[in-house]
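Here's a quick briefing to read with the model open in your viewer. It goes from the overall build to cavities and then to a couple of residues.

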Amino acid sequence: MNNYQVAPLQSNPGIQRDGTVYDSNNFIDGQNTRFYNNKPRKMGGYKAVNYGTNQIIRNMFAVARDINADVYLGRASSLSYISLPVDDNVDIQNVDEVERTPTTFVADPENAWSFDLFTSVSDLYPVSQILSQVCLNASSINNNIEGPIYYGPVDTDSPLIPITDSVLGEIRCSGGIVFLSPILVAYGNDGKIQWTDPNAGDSLNTWRDSSDAPLQNTIANTKIVYITPIIGATVPTGLFWSLNSLGRITYTPIVTDGAVSYVFASTIIDSNISIISNTCVVSYKQTYFWIGIDQFYMYDGVVQPIPNTMNRDWFFNNVNLEFRNKIFGIVIPRYDEIRWYFTLKDGTENGAFIAYNPVGQFWYDSRNGRSAGIQTNLFPKPLLADSEITTLQTRRGPQDYYLLWEHETGYDRVIGSNSYSIPSHYTHHIMDMFSNQGGQNRLTRSRRLEPDLFLIGSMQFSILNMMWAADYYNGNLLIDGPYTFDRNTPYVDTASQGRLITLRFESNEIGGFFQGGKTLYDWEVGDVNP
């Protein structure tokens, strides 16, 4: 008969990076692990659907096309698309790209793209037009060099052509484009926006009024970096972010001497915010989330900081601001997960992401390099472009590619017919005897673990024993394990002790998956602290 004491092995959801590990009641480490029902869960696998080229994909955009989604891929020297079936049951192999690079396009390593769709009921544009704007925004959000806007029908494969007003010439901007039906708006330098005339015969290539004056005005005192439509508005309306403000624009009639003209009237919502990149704004459940220079923000009618005492310092201490405009956001709605991919201090491309769960209001992170993405919408799974080279063996010998991945599919990293395991782990918070035993300065003897996880395959755990809090950092850990278990393992007996203890769980096999439950930890009072 034993004298074990039994307690659920529970840590609060999310991974605590700020402060010290001993002071945390959350998980203190993890990789490829999210938290579902407040329990650790291995993230889904990903499969290569396009091998791409040896140039990184900077921006992506999806267009609905019958039973397929055409996914446009913007690179430094090209614009193309792949057509993917939206039937989630179709096994997608490597899909070829269709080239649509404009003939007048100028390649540059700093090229970044902005996309939208233009729809019209006119005979001139009987089908939707794909819109793409390109300028040197890949790294710097402050770029003021303007670039052209291109367009072309979504149902052809011809090269896109530049938007050109017959009087004003080629239309250019430095921020991006947005379609506020029925008007196309271009934005950028010095808070200036310009737009098309919806009543013109060629409503896409007319950017002036009847007096040949440009349709434009200034809505902020710094560069406009992003505009998104406000859904449900009765007139063209959008939210805009400048480098230092958040505001609203509304298409508004102005009467002068009995004549009616229209402008975009602007209202500043908050003039005291910042934004770290022009692709970091995400919308989830009618709330906007984004990252500023030293703060995380949300807007649901009122601008407010997102509370984050878990990894705010860690993020801003480790992000490489030289490449800040490579940061982009994406939502995984199924898991209430907002991700922001970013470049680490020692890197030049995105190598990690920070994640926020707005329902549970906790944070976590993982090392995973992606350069662009599209969340679940027209295509049933998230699509994310790799920011790291993969070398594949071909008939021409080894070739380097930036792959495009379909995420949240299966449990492995899949390229063609080959599957590779995705290493995943998590570490619980640090436990001690004296916190729940009246201040006894005794060691804790770990006796048994009773696993309660939904498992596919097997998993390992190790017990990390420490005498002092500093041992976690200085490497003076006494590691007991790893112990292997599977779904049919009722318990695992152990024999080690430490003054401070934490448990680390790992999964690293092909087809492996875990979802945490209510695992029990059996322990007893150990030796007196020497």
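Contact here means heavy atoms within 4.5 Å. What you're looking at is a predicted model, so local features need pLDDT of at least 70 and side-chain atom pairs count only at pLDDT 80 or more, while totals for chains, interfaces and linings use all residues. Residues are numbered from 1 along each chain as its sequence is written, and side-chain values use heavy atoms, with hydrogens and water left out.

**Overall build**
- The protein has two helices and 51 strands; these are DSSP runs numbered from the N terminus, with helices being H or I of at least four residues and strands E of at least two.
- Its C-alpha trace spans about 95 × 55 × 35 Å along the principal axes.
- Of the contacts with a separation of 6 or more, 60% come from residues 24 or more positions apart.

- Out of 530 residues, 55% count as buried (under 20% relative accessible area with a 1.4 Å probe, protein chains only; over 50% is exposed, and in between is partly exposed).
- The accessible surface is about 22,500 Å², with 47% of that belonging to carbon and sulfur atoms; the areas come from the Shrake-Rupley method with a 1.4 Å probe, and for residues only the protein chains shown count as cover.

**Cavities**
- There are two cavities of 30 Å³ or more, a cavity being a set of points on a 1 Å grid over the protein atoms alone where a 1.4 Å probe fits but cannot get out.
- The largest cavity has a volume of about 80 Å³, where volume is the space filled by probe spheres set on the points, and grid points are joined across faces, edges and corners.
- Residues lining the largest cavity include Arg339, His407 and Glu408; lining residues have an atom within 4 Å of a point.

**Tyrosine 150**
- Tyrosine 150 sits in strand β14, residues 147–153, and counts as buried because its relative accessibility is 2%.
- Leaving aside neighbours within four places in sequence, its contacts include Pro102, Phe105, Ile130, Leu160 and Ile163.
- Threonine 101 is 49 residues from tyrosine 150 in sequence, and their C-alpha atoms are 9.5 Å apart.

**Phenylalanine 505**
- Phenylalanine 505 belongs to strand β49, residues 500–507, and is buried, with a relative accessible area of 1%.
- Not counting residues up to four places away in sequence, phenylalanine 505 touches several residues, among them Leu9, Tyr426, Met459 and Phe485.
- Tyrosine 341 is 164 residues from phenylalanine 505 in sequence and 25 Å away, C-alpha to C-alpha.

Definitions and conventions: 1 Å grid on protein atoms, 1.4 Å probe; cavity = no way out; pocket = protein on both sides within 12 Å on 5 of 7 lines; lining within 4 Å.
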